[in-house]
Amino acid sequence: MIHIKIITPLGLYTERDVEAVKVRSVEGEMTLLPMHTPLVAMLETCKLQLMENGQYKDYALAGGMLHLKDDQLNMLTDAIEGQEEIDIERAKRAKERAERRLQKKDSKTNIKRAEVALAKAINRIKVFGK
């Protein structure tokens with residue numbers, strides 16, 4: 001088992017033992033299993049999957065970083081939502097807002113911020129719909 005702690009700016013999101021962790025780092029997709037070699041990785045906005053009792057549970061992860069050593073995994077992220085926590089209508093509105101900002105292309109639009117907002121909204125929609 002891997003003992004995982006997920007921490008957000010609001011505090012501890014969850015702490016528990018899982019059988020496996022699927023996540024995407026800046027270097028690509030990875031599946032972490034017990035006895036994995038020590039690892040530090042920067043995470044992209046992606047679907048996080050945690051396996052418990054032989055089944056994966058999906059989460060929308062807003063990027064972050066992880067540290068794994070001796071089956072202890074600490075994950076820091078700005079935001080995370082379990083599939084059942086996602087407000088799909090809010091995610092759709094966020095996607096539309098980000099798309100409108102990107103289409104404006106004026107000097108007041110922070111393009112990088114709009115791209116990040118769009119990626120997060122799309123990720124939440126995908127995780128919600130599986």
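1. Lining of the largest pocket. Four elements, β6, β8 (80-82), α1 (88-104) and α2 (111-129), each contribute at least two residues to the lining of the largest pocket. The largest share, 6 residues, is supplied by α2. Helices (H or I, at least four residues) and strands (E, at least two) are DSSP runs, numbered from the N terminus. The model is predicted: local features need pLDDT of at least 70 and side-chain atom pairs count only at pLDDT 80 or more, whereas totals for chains, interfaces and linings use all residues. Residues are numbered from 1 along each chain as its sequence is written, and side-chain values use heavy atoms, with hydrogens and water left out.

2. Volume and composition of the pocket. The volume of the largest pocket is about 440 Å³. Its lining comprises 17 residues, and Arg-90, Ala-94, Ala-117, Lys-120 and Arg-124 are the closest to the centre. By class, the lining holds 8 nonpolar, 2 polar and 7 charged residues. Here Ala, Val, Leu, Ile, Met, Phe, Trp, Tyr, Cys and Pro count as nonpolar, Asp, Glu, Lys and Arg as charged, and the others, Gly among them, as polar. On a 1 Å grid over the protein atoms alone, a pocket is an open set of points where a 1.4 Å probe fits, with protein on both sides within 12 Å along at least five of seven lines; lining residues have an atom within 4 Å of a point. Grid points are joined across faces, edges and corners, and the volume is the space filled by probe spheres set on the points.

3. Glu-81. This residue is located in strand β8. Glu-81 is classed as buried because its relative accessibility is 18% (buried means under 20% relative accessible area, exposed over 50%, partly exposed in between, with a 1.4 Å probe and protein chains only). Its side chain forms a polar contact with the side chain of Arg-124 at 2.5 Å (a pair of N or O atoms within 3.5 Å; within protein, one must be able to donate a hydrogen and the other to accept it, and residues adjacent in sequence count only if both atoms are side-chain atoms). Not counting residues up to four places away in sequence, Glu-81 touches Tyr-13, Tyr-59, Ala-60, Ile-86, Asp-87 and Arg-124; contact means heavy atoms within 4.5 Å.

4. The aromatic pair. The structure contains 1 aromatic pair. The ring centres of Tyr-13 and Tyr-59 are 6.2 Å apart and the planes stand at 85 degrees, so the pair is edge-to-face. Tyr-13 belongs to strand β2 (residues 11-18) and Tyr-59 to strand β6 (residues 55-69), so that the pair links parts of the chain 46 residues apart. Rings of Phe, Tyr and Trp (its six-membered ring) pair if their centres lie within 6.5 Å; planes under 30 degrees apart count as stacked, over 60 as edge-to-face and the rest as tilted. Tyr-13 is partly exposed at 27% relative accessibility, whereas Tyr-59 is buried at 2%.

5. Thr-8. Thr-8 lies in strand β1 (residues 2-8) and is buried, with 13% relative accessibility. Leaving aside neighbours within four places in sequence, its contacts are Tyr-13, Thr-77, Asp-78 and Ile-80.

6. Backbone at Asp-70 and Asp-71. Most residues other than glycine have a negative phi. Asp-70, however, has a positive phi near 50 degrees, and Asp-71 has a positive phi of about 60 degrees. Asp-70 is in the loop between β6 and β7 (72-76), and Asp-71 lies in the loop between β6 and β7. Asp-70 is exposed at 61% relative accessible area, whereas Asp-71 is buried at 16%.
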